[in-house]
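Keep the 3D view handy as you read.

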Amino acid sequence: MRILSGIQPSGRLHIGNYFGAMRQHLALQAENEAFYFMASYHALTTVQDPKELRALTIGVATDYLALGLDPKKTVLFTQQDVPEVTELTWMFSCVTPMGLLERATSYKDKVAQGLMANHGLFAYPVLQAADILIYLADLVPVGQDQKQHIEITRDIAQKFNNQFGEIFKIPDAYILEETAVVPGIDGKKMSKSYGNDIGMFEEGKALRKMVMSIVTDSTPVEEPKDPETSTPFLLLKLMASPGELADWEERYRTGGMGYGEVKQRVYELLEETFAPFRERRKELEADPDYVLDVLRDGGLRARAVAHTTMEQVRDAVGLPISYKPAP
Ligand code: TYM
């Protein structure tokens, strides 16, 4: 199967990105043909400092490699290395009804957060449809917040196919129920833009301080507590063994357990889970040329696929280019 997913390099990555998406990306690479990219054109809708955008893009690539992405097998690339994606975006724009985009919740959320209501932000799902469909992907592993974008992608693919012929595969979202929405320290969905996130490469005192600031209710220590609505328990669920989790669940329900104890364990598990990735990240930081080589190679491999799709698409819509493009 062909797997494809993207991450916006619009800030440092957090554990919601890891458990909600990247852990699945890495697990799926062994048995499948996987394409993962830095959605840098998408990030441009909000990050408009060139130095920052470039550093964040390389940063996310470094994160992927530190987490165990195998660049020999999996194609890791930046969105701008396949400029055909923007060409396809225009073609899709011409078959996308305004109403479909007006219903998109992420545009409304971002504007409500005070971001500039630019056209890129509004047309964001059309670009996302192009960057999924151009690679003829079967499966798109994402967190719950991307579900609507995948539905819009499917709608656009169907509209295009109905009008111009069966070119695009209709991809499925792959969302794991247990990690679909990772909560942040205030209990809402973890998000860099809500400022409630725990950085993936945070460590030591800063990490512990962050975990200890997780908001909990004021149920006294001796009283029973509901694990399923408790942020520290939900985070524990992402990392603890089934046996350990059952013990904590029992302690929640019986009472006599303070939230400080469970937060301490969340902190320890985060340190354990991410320590090997942090080490590897430090090594990669010392070798930026290696990361750039990986991206160059990935960009060429991704572009070769996009090039073949676009030749068919241009023919289908009646806009073949007049000269033979350089390979
Ligand atoms: P982005 O960059 O916001 O997030 C990257 C991935 O992390 C997931 N995620 C979460 N999952 C569970 N709980 C959370 N709290 C949480 N926060 C983030 C996201 O669901 C996503 O899978 N529009 C996309 C980027 C994109 C893309 C694509 C994704 C562009 N083109 C094509 C898939 C396919 C985005 O903004 O993700």
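For what follows, a residue counts as near a molecule if one of its heavy atoms lies within 4 Å of that molecule. Bear in mind that this is a predicted model. With that cut-off, 28 residues surround the ligand, and the closest are Gln 8, Tyr 124, Gly 143, Asp 145 and Val 182.

An oxygen atom of the ligand is 2.4 Å from an N or O atom in the side chain of Asp 145, and an oxygen of the ligand lies 2.9 Å from a polar backbone atom of Gly 143. Then there's Gly 16, which has a polar backbone atom 3.5 Å from a ligand nitrogen. How much of the ligand does the protein bury? On its own the ligand would expose 710 Å², and the protein buries 96% of that.

So much for contacts; now for the site. The ligand sits in the largest pocket. Two or more residues of its shell come from each of β1 (2-7), α1 (15-28) and α7 (119-133). Sorted by class, that shell holds twelve nonpolar, twelve polar and four charged residues.

The largest pocket itself has a volume of about 1100 Å³. It is lined by 48 residues, and Gln 8, Asp 145, Gln 146, Lys 189 and Lys 192 are the closest to its centre. Among the elements supplying at least two lining residues each are β4 (139-141) and α8 (147-164), but α1 gives the most, with five. By class, the lining of the largest pocket splits into 17 nonpolar, 25 polar and six charged residues.

What about enclosed space? A search of the whole structure finds one cavity of 30 Å³ or more, and the largest cavity holds about 40 Å³. Its lining includes Tyr 107, Lys 110, Phe 122 and His 149, along with Tyr 124, which is also one of the residues closest to the ligand. Once again α7 gives the most to the lining, four residues, and α6 (105-112) supplies at least two. By class, the cavity lining has six nonpolar, two polar and one charged residues.

Technical notes
Residues numbered from 1 in each chain as written. Predicted model: local features only at pLDDT ≥ 70, side-chain atom pairs only at ≥ 80, totals over all residues. Heavy atoms only, no water. Polar contact = N/O pair within 3.5 Å; in protein donor to acceptor, adjacent residues only side chain to side chain. Areas by Shrake-Rupley, 256 points an atom, 1.4 Å probe, with all protein chains shown as cover. 1 Å grid on protein atoms, 1.4 Å probe; cavity = no way out; pocket = protein on both sides within 12 Å on 5 of 7 lines; lining within 4 Å. Sits in = over half its atoms within 2 Å of the grid points. Nonpolar A, V, L, I, M, F, W, Y, C, P; charged D, E, K, R; others polar. Points joined across faces, edges and corners; volume = space filled by probe spheres on them.
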